[in-house]
Amino acid sequence: MVGAGLAGVQTAVALREQGWRGAVTVLGEEPHQPYDRPPLSKAVLLGKADGSAFDVDFEALGIELLLGRRAIGLAAGSRVLETDAGPLPYDHLVIATGAEPVTLPGCDGLPDVHVLRTLDDAERLRPVLTGQREVVVVGAGWIGAEFTTAAREAGCRVTVVEAADRPLAGALPAEVAAPMAAWYEDSGARLRTGARVAAVTEGAVTLADGTVLTADAVVVGIGARPATSWLAGSGVELSPEDRSVLADERLRTSLPDVYAVGDCVSFPSARYGSRLLVHHWDNALHGPRTVAATIVRGAAEGPVYDPVPYFWSEQFGRFVQYAGHHAGADETVWRGDPESAAWSVVWLREGVLVALLAVGRPRDLAQGRRLIERGAVLDRRMAADASVPLKSAAV
C-alpha cells in the first residue's frame with residue numbers, strides 16, 4: 001500500500017480480514033503513526049485532541065509500517081516500487097496516495113500562509129487560533145467553511161474571500177449554495193464573493209480590485225488534486241483532465257496487479273453513467289474492501305465498486321450531509337425552508353432519486369441514501385412535504 005491514510009490502512013486491514021496470508025506493507029510519507037483526517041479541522045485544530053491515530057494494532061495483524069518514506073516512481077516491468085530510501089519489490093501494489101492541496105502561486109516561503117491537510121498543518125495552525133489572530137481564508141469551499149467555523153469558535157477575526165459568486169460554487173448549484181452565504185455573517189465572519197486574490201505578502205492579502213486585507217495568517221482552501229505526479233512514466237494511465245488514476249469497476253489500474261483507491265482514483269459508475277472522482281472520507285473507507293477482495297479472490301470473483309458517494313461537514317453549528325451525484329439531474333425538490341435551521345434538497349432524474357443534501361435532517365439523509373441505492377422513483381408532491389418521511393415518498 002503506497003499511502004498510510006485511511007484508504008491505505010483500510011486496504012491493509014481488509015486484506016487480513018479477508019484471509020490474505022502474505023506480507024502486507026504500508027508505506028507512508030509522513031513520520032506519524034497513521035491517522036484519520038476529519039478531526040484535523042475540528043478537535044485537533046482547536047487543541048481539544050493531540051491527534052487522531054487509527055485504533056489499529058498493526059503488529060498483531062502482521063502489517064509492516066514504513067513511515068517517513070516517500071514513493072518516487074514505479075518500475076512495473078520488474079515489479080518494483082521506487083522510494084526515497086531504496087526499491088521495494090511487490091506482487092500486488094495498491095496506490096493510495098490521496099490528494100494534495102492546491103496552493104496559491106507566489107506564496108512559497110511565506111511563513112504565515114497555510115493549508116490544512118495534514119497533522120503537521122493543523123499543529124502549525126493551532127497558535128494562530130490560540131492567539132485569536134486576524135485571519136484571511138482563501139476559498140469558501142468545505143475546508144474553508146470548516147476552518148472558519150473553528151477559527152470563529154477560537155475568537156479569531158476572519159475574512160473569507162471567494163473568487164466565485166457564492167460559497168461551494170464547485171460543489172453545489174447556485175440556488176442550493178446561496179442560502180449558505182448567510183452562515184458566514186451569522187458566525188461573525190466576513191464573506192467577500194467575486195473576490196480574486198492578486199497577491200499575498202507578509203501581513204496582507206491584496207485583491208484584484210485593489211483592496212488590501214490585513215492578515216496575521218492566510219489559510220488557503222481552494223481545492224485538492226490527486227497526488228499522482230510520482231507515477232509519471234510508470235505506465236499507470238492517468239486522466240488528462242484531473243490527473244486521477246484511471247481505474248476500472250474493480251479499482252484495477254492499467255497495469256497488472258496494480259490497484260488504486262481513495263482520493264487519487266476515478267472509477268466508472270454504472271449508477272450515474274459517468275466516471276467519478278470522489279475526494280471524501282466514505283470513499284476511502286469502502287473502496288479498500290473491493291481492492292482487497294479482488295486481490296484475495298481474483299478479478300473473476302471480486303466485487304464491482306459502484307457506491308452512492310457520501311459526504312458530511314460540520315460548519316457554523318450545522319451538520320451538512322450529501323449523498324449521491326446530482327450532475328445529470330433534471331429536477332430539484334426542496335424539503336423545508338432554506339432560511340431555517342433544518343432543510344433538505346433532493347435531485348431527481350426522470351423521477352428517480354439520484355442525490356440529496358440534508359442540513360440538520362439526518363433522517364432524510366439516511367432514508368435518501370437507501371432510496372438512491374434502490375434507484376427509487378419519488379412522488380414529487382410527497383417529497384416536497386418536509387413533514388412526510390422521505391421513504392414514504394417512494395412510489
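Reader: Which strand gives the largest share of the lining of the second largest pocket?
Author: Strand β1 does, with 3 residues; a strand is a DSSP run of E of at least two residues, and a helix one of H or I of at least four. The model is predicted, so local features need pLDDT of at least 70 and side-chain atom pairs 80 or more, while totals for chains, interfaces and linings use all residues. Residues are numbered from 1 along each chain, and side-chain values use heavy atoms, without hydrogens and water.

Reader: Which strands each supply at least two lining residues there?
Author: These are β1 (24-28), β5 (86-89) and β6 (93-95).

Reader: How much space is in that pocket, and which residues are closest to its centre?
Author: The second largest pocket holds about 410 Å³. Of its 19 lining residues, Ala23, Thr25, Pro89, Tyr90 and His92 are the closest to the centre. A pocket is an open set of points on a 1 Å grid where a 1.4 Å probe fits, with protein on both sides within 12 Å along at least five of seven lines; lining residues have an atom within 4 Å of a point.

Reader: Turning to the open sheet of 5 strands, what is its order?
Author: The order is β8-β15-β9-β10-β11, with parallel pairing (at least two DSSP bridges between two strands). β8 (113-114) and β11 (190-193) are the edge strands; each has a single partner, so one side of each lacks a neighbour in the sheet.

Reader: How many bridges join β10 and β11?
Author: β10 (residues 157-162) pairs with β11 over 4 bridges. Val161 has Arg192 of β11 as its bridge partner.

Definitions and conventions:
Grid points are joined across faces, edges and corners, and a volume is the space filled by probe spheres set on the points.
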